Every structure is written in C-alpha cells, then in structure tokens.
Amino acid sequence: MNLKGKTIILGICGGIAAYKAAELTRLLKKDGADVWVVMTRNAKEFILPLTFQTLSGNPVYSEMFSTPPAPPYKWGERGAMPHIDLTKKCDILLIVPATANIIGKFANGIADDLLSTLYLSVKAPVLIAPAMNSNMYASPAVQENIKRLKGFGANFVEPESGELACGDMGEGRLAGPDKILKKVRQLLSVKKDLKGKTVLITAGPTCEPIDPVRFISNPSSGKMGYAIARAAKMRGGDVVLISGPTGIPVPSGIRFISVSSAADMRREVLKEFKNSDISIMAAAVSDFSPLRYSDKKIKKGEKKTITLELKKNPDILSEITSSIVNRQSSIVNPIVVGFALETEDMIKNAKKKLKEKNLDLIVANHVNGFGSDFNKAIIIDRKNNVEDIPLISKEELAEIILDRALRILSGKD
Ligand code: CTP
C-alpha cells in the first residue's frame, strides 16, 4: 500500500532527532501523502520550518493564533483555529520525534501550544515515535505516561538502542524513518470492517461488597477486554465497554460504562446487548456474592473464625443467550462470544461452557494470563472447530477474536 490520498499531520518536537523528521517528510511525500507539519517552538531551535515547508509543499504551523498563510493553499489555510481546522481531514497524526515533554502533556490533557491542543481534538489514529536520553526514557514518569497513552489507544514506534547524541549508550534513539513509514502504512491499512456494527464488551473483575470496607473480587486486569475494545474501535465499530474496576485508562472514542458488582454489570449488559451486533464477555464476573451485606463494618471482635455465607450470582452470558429467540441459527444477531478461564482440562471445560451457555464462540485461556500483556488461548466455535492460538499479545488476540466473530456475523461460517 502507498499513502496516496492520505492526509498526514506530522508534529515535530524539540529534540536533536528533529532533523530525521525531514527525511520522514520526504518519504511520506514520495509515498503519495499530503503532509502538514506542525512544529513546537522548541523544534524550531533545532531545524528551520522552511525545511519542512519545502519538503512538504505546505505551510508549516507552529502558533495557535497566527494569521492564515496566503493562497494557493487549500486545506488548513483558514488558520484562525489551526488546532481544529488541521485535524478535520487528517488520516493520522504522527509525532516524530516525541519528547518527554509532549508525551507528558498528551498523557495529562495539557493543551498549552498548537501541537498539544491539536492532539486533543484529533479523531484519527495517533502514532508517536519517542526520542530522548535513555535515562529520561526509562524514568518512571515517562514510562507511566507512555502506558497511559497506549491505554488511550495511541500507537508507538519504540526508540532504538545505540549511541545517543549526548554520548550515552542506551534506548532512546529515534526509530529509523523507514520503520516509521512502515508503521504508518500498516495503521492506515487497518480494515474498517466493523463500520456500522455495534460491539459490546465486558472487561475486568467485579467486586462483591461484604461491608463498607471489604469486598470479594479477583485479580483480572481487564487488559484483554480493553484490547478488544481498542481494536474494535480502530476497525470502525461503535464500541460499548462495560467494565469493572481496572487501572486502565478509558480508550478514547468509545462509550464507557463503569460498574462494580456482578449485579451492576448484569443490569448494564441486559440494557445494552440487544443493540449490539457482537457481544464479547471478557469480564471475570464473580460467581458468588455475600448473602447479606452489612452496612456497618464487621468488627473482628474475639472470634477466631468467621463464616461468610455466599449466594450464586446470575450467569450474565447464559441470561443474554437464553433471551435471544431462534438462538440455534448462528447468524442471528448478536453474535455472542464468551471466555473460559481454566486451570485444567481447558478444551473439555470450554466446550461444555460453549454448549451450556449457548455461545457462538468461546475463548479459553489459562489463569496464567491474568495481568499479563500476552495470552495463549484456544478458540472453539459451535461446530466444534478448535483453534489453538500460540502465546501472542492481547492486542493480536483481540484482532483474531474480532475476525472470527465477524466471520460468523457475515454468515460465512
Ligand atoms: N460469566 C458471566 N456471568 C457470571 C460468570 C461468568 O457472564 N456470573 C461469563 C464470563 O464473562 C465468561 C464466561 O461466563 O465469558 C465464563 O466464565 P468463567 O469464569 O470461565 O466460568 P464460569 O461460568 O464462572 O464457570 P466456572 O467458574 O465453574 O469455571
């Protein structure tokens, strides 16, 4: 694929690697893209805007309130509100090089110059290529901000290891322009096959309150469900994410419903699933909750043991599938995908759950995947086809799950 017809905003920050953005601009143009450069004030200390104006053939923006450039420029020329105007036709926002400062601003919603303001208004995918000193890159603050941005759905081209401008050796050198171009092509070739489809996803654990200060829960991180939500959004879907408490930032551009207990999750799922084309239940729902909730803190007193009586929670998955009429026909909406969390007899248990809960697909995984960024899974469909997925990232697994669900939805299976 080349980039013909694609409009790219290239944000350049103040770092020595800014000169490499000139080569990237040349490559993007050569590939057919229309490139609009936005430079931070510090970037202009390293390289002149004229370089990018010449290479891109478009005016270079830097200030929030500058006067519009003279014609013949067609797009973005209004200039009165460049942080909005520029984003309207943008297919991707690139930040090359991204400094610790811009990463920090993006991660925290600080909008104090054109590039940081523009980031908040852009709806297109974002690709960030950091470059900085290796100690800065490894600092907990920068790593935390990167994690946060990934959670929002931003894509990264990781920096490379090698000799840095300051003479240090380590990770922090800007990825090569060829590598960045490859990633741009890859992101822009993402299929929009979920356009017009609503995807409902549950994620995370549920918390079953015992008293005002205690609850029963499980260590589900929510990473799998959030990865599916981000992937479905990228593929053009309308995404509704119902999530128990997790530490993951809410992905942008989706409808997010925060819940705590299994009862809350059940109530929200029952409201939402009928409007969905695909329902994917990745949440680790507590099977039991305390029979009685004590509205006062239970005091430990002199007792050596305490007995907590639990009652079974309703099975949300079974409830939604049993409420769909004509469930036997696999092309009846919505397609319902369940998960099976197992410690043993994965295939046997997953097949049983698929049948008993009347699902279209089940994704069986081992408890070892809890909290990890990777997962090894087995996907089983109604026809008993068993697909063994090797250890891959949860992002990759999310794509596979969506592929399989969509195939059933399109009646191809
Ligand atoms: N699930 C649900 N409601 C529950 C329990 C589970 O909707 N009360 C869903 C989960 O979101 C998951 C699937 O059912 O998609 C299987 O969950 P899992 O914990 O693996 O199995 P359980 O049905 O709870 O059975 P068991 O704990 O006996 O393995």
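Ile16 is found in the loop that runs between strand S1 (7–12) and helix H1 (18–30). The model described here is a predicted one.

## The packing of helices H5 and H8

Helix H5, residues 100–108, packs with helix H8, residues 140–152. The axes of the two helices are 9 Å apart and form an angle of about 50°. The crossing of H5 and H8 is left-handed.

On the side of H5, the contact is made by Ala100, Ile103, Gly104, Phe106, Ala107 and Asn108. H8 contributes Val142, Asn145, Ile146, Arg148, Leu149 and Phe152.

## Backbone features

Most peptide bonds are trans, and most residues other than glycine have a negative phi. Two places in the model are described here against that background.

The peptide bond that joins Val96 and Pro97 is cis, with omega at about -10°. Pro97 belongs to strand S3, which covers residues 92–98. Asp345, a residue other than glycine, has a positive phi, near 45°. Asp345 is located in the loop between strand S16 (335–342) and helix H13 (346–356).

Note on methods: Residues numbered from 1 in each chain as written. Predicted model: local features only at pLDDT ≥ 70, side-chain atom pairs only at ≥ 80, totals over all residues. Heavy atoms only, no water. Helix = DSSP H or I, 4+ residues; strand = E, 2+ residues; numbered from the N terminus. Axes fitted to C-alpha atoms, helices over the stretch in contact; angles between N-to-C directions. Left-handed = near helix turned anticlockwise from the far one by under 90°. Contact = heavy atoms within 4.5 Å.
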